[in-house]
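Please examine the sequence and the three-dimensional structure shown below. The paragraphs that follow lead from the rule for ring pairs to the helices, the sheet and several individual residues.

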Amino acid sequence: MTKTTRLRVFQQQIQRLERRLVDLTAVSNRLSWLRAMVFFTGLIASGLVFFFYGPWLFAVSLIVSTVLFSLAVYAHQRIELAVARHRGWREIKLTQIARMQLDWAHIPLLSRQQPRFEHPFEADLDLIGERSLYQLLDTTVSLESSRQLRSWLTEPIPDLQQITRRQQLVRELIPRHLFRHKLILNTTVAANTAKIWHAQRLLTWLEQPAEAGLGLWVIIAGLLVVANAGLFWLNYLGLIPAVWQATLVIYFALLFFKSGATKELFHEALALQDALKQLDAVFRQLERYSYRQTPHLKSLCAPFLDKNRRPSTYLTRINRVVLLAGLRENPFVWLLLNLVFPWDFFVAYRLDRVKDQMAEPAPRWLESWFELDALTALANFGYLNPDYTLPEILERRSDDLKPVFATQAVGHPLLPDEARVCNDFTLCQLGDIVIVTGSNMSGKSTFLRTIGINLALAYAGGPVCARTLQTGLFRMFTCIKVSDSVTSGISYFYAEVKRLRALLDELERDHPLPLFFFIDEIFRGTNNRERLMGSRAYVRALASQRGVGLISTHDLELVKLADEVSTIHNYHFKDDVAGDRMVFDYTLRAGPCPTTNALKLMALEGLPIPGKSDEGDSHLNTLNRPI
């Protein structure tokens, strides 16, 4: 199925969902009125029965009215759940279309984390932040999954075994879009929210030691309740004085004495109620799913398939107890329950027991779920872009004659399909350095980011924006978005020097993996003469190291290094003038750039430019270089 066809299918599904939502909303409104009518009719009817026929028929009438009202409430809740699920489905489909069309205004930004500029490549490749690859990919419904996805995209040291494993899982998940979408739907509808609670809070609560002696306090409080009831009836029959009043005071004093421990236990359980509902919905789906033809997915979900320790069994128990604990939030209900039963002590005891039973297996369940959630984000990216491919990651040997990096029709995934131009590119051996020249706006910087962002995707285990991509394992380091700092008193040039020093240090570091580096407009922060001298020396230093890299520059003099160093190669992007505007085809070509556009751009904007008589002026010669 092509991307266009998939987009059309989503649009048709949204239209069907909206029609169904209109029908369901109408039914929900009718049931809402029916609930009100049943309630007030039953109330009036019961009152009339009591007035005309006495208390016994009144009791029967009240029971019948309550049953009818309960049935109306149940039917209304079922319809409301259906409405919520249809709205959830519609939101999923709308977000999918937004991701396909790069409609950033409608792509959720689930994490407000800013890129780390001290990271080797995170900020320069637009991996994190607004309108980033992370925002485009992140369909996760758990905070920890989202963080795991980020760590995969920004891992400085790729691991071939982990990459291969994630690729196998992503390959199985890509065609199973219903499975992936239901995971999102079940989680969000379960608690009407987009994220589950921070898992560490849940784990911390589960790991808290049980309250000492709760079982004994249940027995003591139970005996006091029985004693209160017995003494009350003996007093009511006139056999003994009102001793029950004293025992009742002792009972409630005991409740208040131990309320600190029970109240804290209940409060934390109720705060985690939404998270527990979400986990229950997700884990039930994973338990029931048929893992035919998905051996890697089945292996990942193995903790959910143990019939003797099904997560849903534990979660049902704990959710049931948390629901009972919630009844105490109403003071009148709390008073009534504790008068006839040691409610607080019993519920606290049961909560401690089921919490203790769940504490040991819960971390394994959560770990598997968070990894699956992050993997579904990568699989969803591949599903929405069927022309993307899973790359081939190779562990390179010293005698390997294959190129260290080769790709066909590689493009930038953050560019719209209609604006994206794809290129072929190959680096044959370690030590290769490509100098990319070209006029301003011709695509040099974008090409550097294109290679870098696809490498990040490849090492995360996801599909890349290319027809084919084959690469070895590299560490990555970039020098693209260097900026000065007014508060730290660091100039742009000094910041660039520090970044390039860090790059060289990383290249010289004794590490099993070679370095893939990207430098945009090297030494742009200083004058032409020193920029050229510094650039030549720096590129020579890079050429003698164990790595490969791309360097973009406006200095055409720098391309002469290819004549002096065999591992340095020239590529370029060209431009042209069509009427009164610049035209770029963004196609990568071999060799140095044969054109410049500085004076062309100046002329198009009506700025004064030198005439032929001025071409000998040395201070104007620099304008003939691209800007």
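Rings of Phe, Tyr and Trp (for Trp, the six-membered ring) are taken as a pair if their centres lie within 6.5 Å; planes under 30 degrees apart are called stacked, those over 60 edge-to-face, and the rest tilted. Under this rule the count is 19 aromatic pairs. One of them joins F232 and W233 in an edge-to-face arrangement, with 5.9 Å centre to centre and 80° between the planes. F232 is partly exposed, because its relative accessibility is 34%; the classes are buried for under 20% relative accessible area, exposed for over 50%, and partly exposed in between, with a 1.4 Å probe and protein chains only. One aromatic cluster is formed by F405, F425, F447, F474, F516, F518, Y571 and F573.

The model is a predicted one: local features need pLDDT of at least 70 and side-chain atom pairs count only at pLDDT 80 or more, while totals for chains, interfaces and linings use all residues. Residues are numbered from 1 along each chain as its sequence is written, and side-chain values use heavy atoms, with hydrogens and water left out.

The protein as a whole has 22 helices and 12 strands. These elements are DSSP runs numbered from the N terminus, with helices (H or I) of at least four residues and strands (E) of at least two. Of its 627 residues, 48% count as buried. Contact means heavy atoms within 4.5 Å; among contacts with a separation of 6 or more, 76% involve residues 24 or more positions apart. The protein exposes about 31300 Å², and carbon and sulfur atoms supply 58% of that area, which was computed by the Shrake-Rupley method with a 1.4 Å probe.

Helix α2 spans residues 55-101. Its 47 residues reach 68 Å from the first C-alpha to the last, close to the 69 Å expected at 1.5 Å a residue, where the expected span is 1.5 Å times one less than the number of residues. Within α2 lies G88, which counts as buried because its relative accessibility is 15%. G88 and T188 are 100 residues apart in sequence, yet their C-alpha atoms are 7.7 Å apart in space. After α2 comes L102, with a positive phi near 55°.

Most residues other than glycine have a negative phi. Two further residues with positive values are found in loops. D126, with phi near 55°, is placed in the loop between α2 and α3 (133-137). Its relative accessible area is 22%, so D126 is partly exposed. Y586, with a phi of about 55°, is placed in the loop between β11 (581-584) and β12 (589-590). Y586 is likewise partly exposed, because its relative accessible area is 33%.

Another loop residue, T154, lies between α4 (143-153) and α5 (160-173). T154 counts as buried because its relative accessibility is 4%. Apart from neighbours within four places in sequence, T154 is in contact with R116, H119, F121, E122, L127 and I128.

Helix α11 (residues 273-288) has 16 residues and reaches 23 Å from its first C-alpha to its last, close to the 22 Å expected at 1.5 Å a residue. Buried residues of α11 include A275, L276, Q278, L279, D280 and A281. N319, in helix α13 (residues 311-326), touches L276, K277 and D280 when residues up to four places away in sequence are not counted. N319 is buried, because its relative accessible area is 16%. The C-alpha atoms of N319 and L270 are separated by 9.6 Å, although the two residues are 49 apart along the chain.

In the sheet, 4 strands are arranged in the order β1-β5-β2-β3, forming an open sheet with mixed pairing; two strands pair if DSSP finds at least two bridges between them. The edge strands are β1 (392-394) and β3 (423-427), each of which pairs on one side only. The twist averages 15° from one strand to the next. Strand β2 (residues 405-410) pairs with β3 in the antiparallel sense over 4 bridges, and T407 stands opposite F425 in β3. Helix α17 (residues 444-460) lies across β1, β2, β3 and β5 (468-472), running at about 110° to β2. For such angles, axes are lines fitted to C-alpha atoms, for helices over the stretch in contact, and the values run from 0 to 180 degrees between N-to-C directions.
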